[in-house]
Amino acid sequence: MIQKLKLLLVIIFLFTSSLFADQIESEQVGPGVVHYHEFREAAPWHIHVLEIDLTNEWIRLETVKANNRLAGNEKTSSMADRKDSEEHHVIGAINGDFYAAGGIPIGAQVVDGILLKLPIDRSVFGYTTLKHPIVDIVNFQGSLITSKQNILAVNGVNEDRGTNELIIYNPFFGSTTKTNYWGTEIITEYISENLAVNDTIRLLVTEKDSIMASGHGDNSIPENGIVISGHGSSSIFLNNHIFKGDTISLVLNLRPCSEPIFSLIGGTPRLIRNGVVSVEWNQEGINRNFAYDRHPRTAVGISRDSTKAYFFTVDGRQSGYSVGMSLYELANYMLEWDIYQGVNLDGGGSTTMVIRGKVVNSPSDAAGERAVANALLCVSTAPTGELAILKISPDEAFVISGENVQFSVDAFDEFYNPLTISTDSLVWGCDSIIGTISDAGVLSAGEKDTSGYVYVSAGTVLDSALVHVTRVASIQLFPNPLVLDVGDYLSLDFEAKDEYGNTVQLAKNDFEWSVTGDFGTISRYGFFRATSPGQGYIIATYQAVSGSSAVYIGVDKYVIDDFSSLKNWSLSGLRMNLAQTELALDSTNFVSEPSAAELTYSLETGGVSVVYLNCSLAIPGEPYSIGVHVYGDGKGHWLRGEFSDTDGDIFLVDFTSEIPV
């Protein structure tokens, strides 16, 4: 459905627009592990990627369950911190599977070779003991084998025991089995040192509970073993064939994978199959809107030769910063990294990436990082060694001539494990053309506009940072324009930028403030008071560079945007065809000269569709009312505006009713 809507004066969904151009940053954070942060302005999107070389001898992939229990929620950063230790450093982590009430994951999970939960008919990501990653839909098949080779099928893991069923309980279920006394339970300890799904696990029987009387059942689950619980026919089998002191075997298979599985986590749906976008939402029983709408996303992928794994997060629901991706946008982005197999994980407010203990993305929940059911980890087993790497921060600095900048240093061993280094062991230096630097790493910039380097060393290990000595090139004042009544007062804000477009940190009293006209006064700290009706400008000057704000005192009406240009506006939406949606200037019908904005849009049917007109227009003064002139197409669409105040609180205004009348 393609429609046209002419917007003659509009304020719809007032969001902050990003000022950054497309850019990508990279940093090596572990042996064979590189973290990338990419920003794409068009959407906009903030994307984090962790590239992991699985051939590196020190690297492996693991999963972790919240609170070490099948039911439970915990923040991804907390799980990563809890699992971090010497020779087991968590380099990176992302949130994992979708989950039900209580934090029980929807799909399967394997932690250190132990199966926590059976799979459903949805994709999983796994990692074998041979360091091979897998993306597939797996099916469970389990067998209990006695010392005399009698075999009984296993019906489930860490779930309620039903009629005639044989259920395996491990410590992730809890401290006890929570079973009744109508059954037999075999308590065991692991004999096998290295546990894995798709492999034979040997067990020693330490106790047998087979008396159907009060006080039996609900046995304690050993920390280094399992409880095998049978009812009905399964109980009879356990009674007849297994006794205390026996050595028995357990095989829990997740097919079609044939290799022993060390780690596995659920997700949905598959995004990439054999190097081709294949968003299999319908095959895996997922809602269509979930695939096509934009949300924060988390995903994992593997290369064609299975030597590399990639963790992905895309921030969303933060207009002007990052709007999120549809699953198709995510899959196409993953193809840019040559992903051969890929699967989506839980997203939305759950989306989180942690690098070396720090959350690097921007979770979308207002409260910040969300507690989730499980997480996928990249772990380095490399031991902590001697100092090998120094990293100066910032690695590139822009400093105003005559001003100071503080540098700091992080230290690492050859495996990028962080080290503590004494400041007394650091030697600082810099190119003389950029100024001088103290023993504490404080650079005092010279007077000449130039570039050079700051250096730091500790013994034979050194690093450098590029420094640009520059000047203030532009000053912007806010609000601009400034609309006040007589007697009102306001403290103006500012943004100063250097010759490279970087923001310069200055104080308000660094400026020389002035007012053109006899309608108000301003202090040396940018504090303006309106004294009489009139209009003119407030001017701030620093080192011969000036910025100004138009001032209107005592006016009845002010036009926020007359659509003489579209530079303030961008488009996005949900369940709409962005390629067939356009905002253009039109001079045939307008309220204020010379033009209006004409919106051509294409909405999908069968659900709520939205077109967002994103802008970053400041509303001056304290208006009593606000309006929008719209020449519509008669379709009765719901027209809303979103506003935020100085505290960041959001307010929605209906310009038309939700249901046409």
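How many bridges join β42 to strand β47? I looked this up and found three, with β42 and β47 (residues 527-530) running antiparallel. I noted that the model is predicted, with local features needing pLDDT of at least 70, side-chain atom pairs pLDDT 80 or more, and totals for chains, interfaces and linings using all residues. Residues are numbered from 1 along each chain as its sequence is written, and side-chain values use heavy atoms, without hydrogens and water.

**Sheet.** I traced an open, antiparallel sheet of three strands, in the order β42-β47-β46. Strands here are DSSP E runs of at least two residues, helices H or I runs of at least four, numbered from the N terminus; two strands pair if DSSP finds at least two bridges between them. β42 (489-491) and β46 (520-522) are the edges; each has a single partner strand, so one side of each lacks a neighbour in the sheet. I then checked L490 and found its bridge partner in β47 to be F528.

**Helix α1.** I went through residues 76-83 and found T76, S77, M79 and A80 buried (under 20% relative accessible area, 1.4 Å probe, protein chains only). They cover an arc of only 160° around the axis, which puts them on the same side of α1. The arc is taken over directions from the helix axis to the C-beta atoms.

**Cavity.** I searched for cavities of 30 Å³ or more and got one. A cavity is a set of 1 Å grid points where a 1.4 Å probe fits but cannot get out; lining residues have an atom within 4 Å of a point. The volume of the largest cavity is about 120 Å³. Of its 14 lining residues, I114, L115, Y190, I201 and L252 are the closest to its centre.

Technical notes. Buried means under 20% relative accessible area, exposed over 50%, partly exposed in between (1.4 Å probe, protein chains only). On a 1 Å grid over the protein atoms alone, a cavity is a set of points where a 1.4 Å probe fits but cannot get out, and a pocket is an open set with protein on both sides within 12 Å along at least five of seven lines; lining residues have an atom within 4 Å of a point. Grid points are joined across faces, edges and corners, and a volume is the space filled by probe spheres set on the points.
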